[in-house]
Amino acid sequence: MSVEININKAVKKYGDLTIIPGLDEHIKNGEFFTLLGPSGCGKTTLLRMIAGFNSIEGGTIAFNDKVINDIPAHERNIGMVFQSYAIFPHLTVRENVEYGLKLRKMPKDEMKRKVDDILDVVQITEYQDRLPERLSGGQQQRVALARAIVIHPSVLLMDEPLSNLDAKLRVEMRSAIREVQKQVGITTVYVTHDQEEALSISDRIAVMKKGVIQQTASPHTIYTRPYNVFVSTFIGHSNLFHATVRADGSGKAVVFNDGYVMPMDNLSDEVTEGMEVIVSVRPEEFSIQPKGQGLQCRIKNKVFLGKYNTYFLDFEENMLVPNQPSIEFSQDLGHAERLLDVNETVTLKPNAAKVNVFTADGERNLLKGVVLHE
Amino acid sequence: MNKKLIRWDFWTGVTLLAIVVFGLFLIYPLFSLFITAFQDPETGAFTMGHFAHFFERKYYYQSMINSFSVTTCVTVLAIVIGTILAYFMSMYKVRGRNMVEICIIISLLSPPFIGAYSWILIGGRSGILTQWLQNTFGLEFPSIYGFSGILLVLTLKLYPFIYLYVSGALKNIDSALIEAAESLGCSGIRKVFTVIVPLITPTILAGALMVFMNAMADFGTPMLIGEGFNVMPVMIYSEFINEVGDQANFAAAMAAIMVFITSVIFLLQKYIVNRKSFTMSSLRPIQKGELHGIRNILMHAGIYMLVSLSLIPQLVVIYTSFLKTRGAIFVDGYSLDSYRTIFSSLGSAIQNTYMFSTGAMVMIIFLGMTVAYLTTRRKSWLTEVIDTLTMFPYIIPGSVLGITLLLAFNDEPLLLSGTAFIIIISLVIRRLPYTLRSSSAILYQISPSLEEASISLGASPLKTFFKITAVMMLPGVMSGAILSWITAINELSSSVILFTGATKTMSVAIYTEVIRASYGTAAALSTILTITTITAMVIFFKVSGRKDVTL
């Protein structure tokens, strides 16, 4: 039943305005695939193209080998969960879930069995005879999920389904969705702008910007080995430093603008001596060292966040890529030997095994084995 | 592919149907009216003669001045009464306010000419009050006929429009605005005129347009009570009914002048309102205060007096329907003779009324829902055209619409005059714009993702429309349709022109009975009409779960 989705040079245009200029993606059968990006990046547009609510102006989208460009939405056999849930307010919970099955002219007893099963899976059996307006947000969300899954769709499409819930419920529903999806084993495309949600729920994530996919990879890879500077700064925080490549004995090293030399053993072969690069260091990839064994900076400000102390740092201006919102260092309070004070000068050493090195224009990662599509 | 073709066909069909209905029964007749207005009846050549004729003779152009003056006075008076009433009803606790509101709505929905007719029964030459004053005190009751009579009847009939509009607006004023004014040192009457009145001015203007259009177009009232005081709708009607010589062309010219006037007023109002429009939504509506002592008594006395004054006509009519009559004269004692007479000789009129209105209502519901769907969800240049077309009936007085339909469909191959169909169509054309507007408002409240959800579950767009969208729209559309039905059973100005013996409706029958001075039967018919109206209103309140009416 479940299918793989092949998107081949898909184009979306509104008049002269191109939203998606030609997008390629392959979504595997049964996987939980997330489209992540800032608002206006085209992720919902792409989802609605798969659903059939947006026309496709070029290229193809195929379920397995079957091109669906010209198949109307109601014949694509999709299940969709909407941001607003879109529960039919004039039907009871049970009638909402039955709706799709009735259209498929399913025999009564089989329908009853299926509806009972799914109500049980999403845990709303006790509310089945209520009208939706008397349900909480989380319960409505479960109805929407049950209604979409019960028809055994080829793909399940979700458009920011958790954005209207409060923080606690969001986390709860996140695992519920994940669990149900694995149980049914259905290809799922999930749209969100919430990176934490994406990292925690997905098999793979595609990060989008201006209608172009910046990287497709597992959550772990997306965070630890981002393909470009956009991904590295959009997912979590990254501090960006200017640096130059230099030969270092048999290997290579990057030299920061204050002269600190950091040997690297995982730079790709295309990296040559004298190349200008950007080194991206996450706040947790610094460690405090004695003077001379790292980058020197001043503590500008600090914020206590329970597990962590976050320090805001001041570096010499020429060391940094300009226009960064902040330069941060997170100190894990579970292992901290000494807390730092505001205005203190400190030496921080980036962890060479963890940092990422990008081309000077920020477009590509220069480490070995980092690919655009994983 | 087959399915796709059917889907394409349905919405195209609705688009075509809408265009045919408005094109054939509104634009084409209006167009032929204008052509007729510029035509010489003998040669068919272009002439401005009819217009010249109109502006040359005082007898004619005086009717335009009369129409204008009486309509303006009615509008001003209705604004003053309606606004003051709404202000007190919204700001202060009024005993029996629900009853008061229902009475106000009843007087709005009752046929206008019943007011005229019962005021004649009360204060006319041989009216109850006139005779009583004459016999006991030898006093002369001031004449109820002419300008003052029309003013009285139409004001009492139309101030509820302003009342309903303004009450709605007052509900939307956030009490913080009033408190802000007070905190800045503005209170009492100054607060009313510097804060409240400006806030409700756009609403008053919207209501004023309704009042103006209704008063301008009203045919029954001036016909019955106007006597020598000629106004345009009456003039057009009598010129048109006089089938001598070039009168049809002349009547057409007058109708064209009238449409011109109403269009100018319509556009002027839109222009002013657009410049001043803003939206209000109230988090905390104004709390009703309490008046004490003499002020409280005065307020209650005022409100109750106004409401009784507007209800008196209804009560008088019901009372007289049970009086014994001999011909045109009421004699002592009570009887059901009047009812017997109408059921034996005018039964078909009652039947016609219900049939035509119900037929119109069904068409209005269908067209209202589908066309509103087209113009809000499937926008294209064609639906824009339909949207514009549906604005036209606002500016066309009922009698003018009647004349245009009659002129356009009086000949083969489109010989429709005298049929029930043409009356139903005229009702549909006049009410559809209101239903369309409210249906679109309802549709904007329904999230498109509900429809997409249905489609994603495998329902075709057409099936989705009927299973989801239409079902959700229905309660709102139904309650609007009941109001349309009420207006339809009380409709006179276009049916009086379009009717023939076989297609007589109750309101037409009442009118002809009154003209024949057969007051007993007219009263019995009016009573049936009033009771039907009240019953339908009760159903409306049940269906909509609302306590107010917007027309």
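## The contact between chains A and B

Two residues are in contact here when heavy atoms of each lie within 4.5 Å. In this predicted model, that contact draws 23 residues from chain A and 20 residues from chain B. Within the area that chain A buries against chain B, A:His74, A:Tyr99 and A:Leu103 supply 35%, more than any other three residues. The area buried between the two chains comes to about 1800 Å², and carbon and sulfur atoms give 66% of this area.

## Polar and charged links across the interface

One salt bridge is counted between chain A and chain B. In this salt bridge B:Glu452 is paired with A:Arg48, and the closest N and O atoms are 2.6 Å apart.

On the side of chain A that touches chain B, the elements giving two or more residues are β6 (78–81), α2 (93–103) and α4 (137–149) of chain A. Helix α2(A) provides the largest share of that side, namely three residues. Sorted by class, the side of chain A that touches chain B consists of 14 nonpolar, four polar and five charged residues.

## Salt bridges in the whole structure

Over all chains, the structure holds 20 salt bridges. One of them joins the side chains of A:Glu196 and A:Arg174, with an N to O distance of 3.3 Å. A:Glu196 belongs to helix α6 (residues 195–201) of chain A and A:Arg174 to helix α5 (residues 167–184) of chain A, so this pair ties together parts that are 22 residues apart in sequence.

## Aromatic rings and charges over them

A single aromatic cluster in chain A is formed by A:Phe241, A:Phe256, A:Tyr260, A:Phe286, A:Tyr311, A:Phe315 and A:Phe329.

Charged side chains are also placed over aromatic rings. The charged end of A:Arg282 sits over the ring of A:Tyr223, at 3.9 Å from the ring centre. For A:Arg147, the charged end sits over the ring of A:Phe88, and the distance to the ring centre is 4.7 Å.

How values were computed:
Residues are numbered from 1 along each chain as its sequence is written. Chains are lettered from A and ligands numbered from 1 in the order in which they are written. This is a predicted model: local features need pLDDT of at least 70, side-chain atom pairs count only at pLDDT 80 or more; totals for chains, interfaces and linings use all residues. Side-chain values use heavy atoms; hydrogens and water are left out. Rings of Phe, Tyr and Trp (its six-membered ring) pair if their centres lie within 6.5 Å; planes under 30 degrees apart count as stacked, over 60 as edge-to-face and the rest as tilted. A charge sits over a ring if NZ of Lys or CZ of Arg is within 6 Å of the ring centre and within 35 degrees of the ring normal. Buried area is the accessible area (1.4 Å probe) that two parts lose on being put together, summed over both. A salt bridge is a side-chain nitrogen of Lys or Arg within 4 Å of a carboxyl oxygen of Asp or Glu. Helices (H or I, at least four residues) and strands (E, at least two) are DSSP runs, numbered from the N terminus. Ala, Val, Leu, Ile, Met, Phe, Trp, Tyr, Cys and Pro count as nonpolar, Asp, Glu, Lys and Arg as charged, and the others, Gly among them, as polar.
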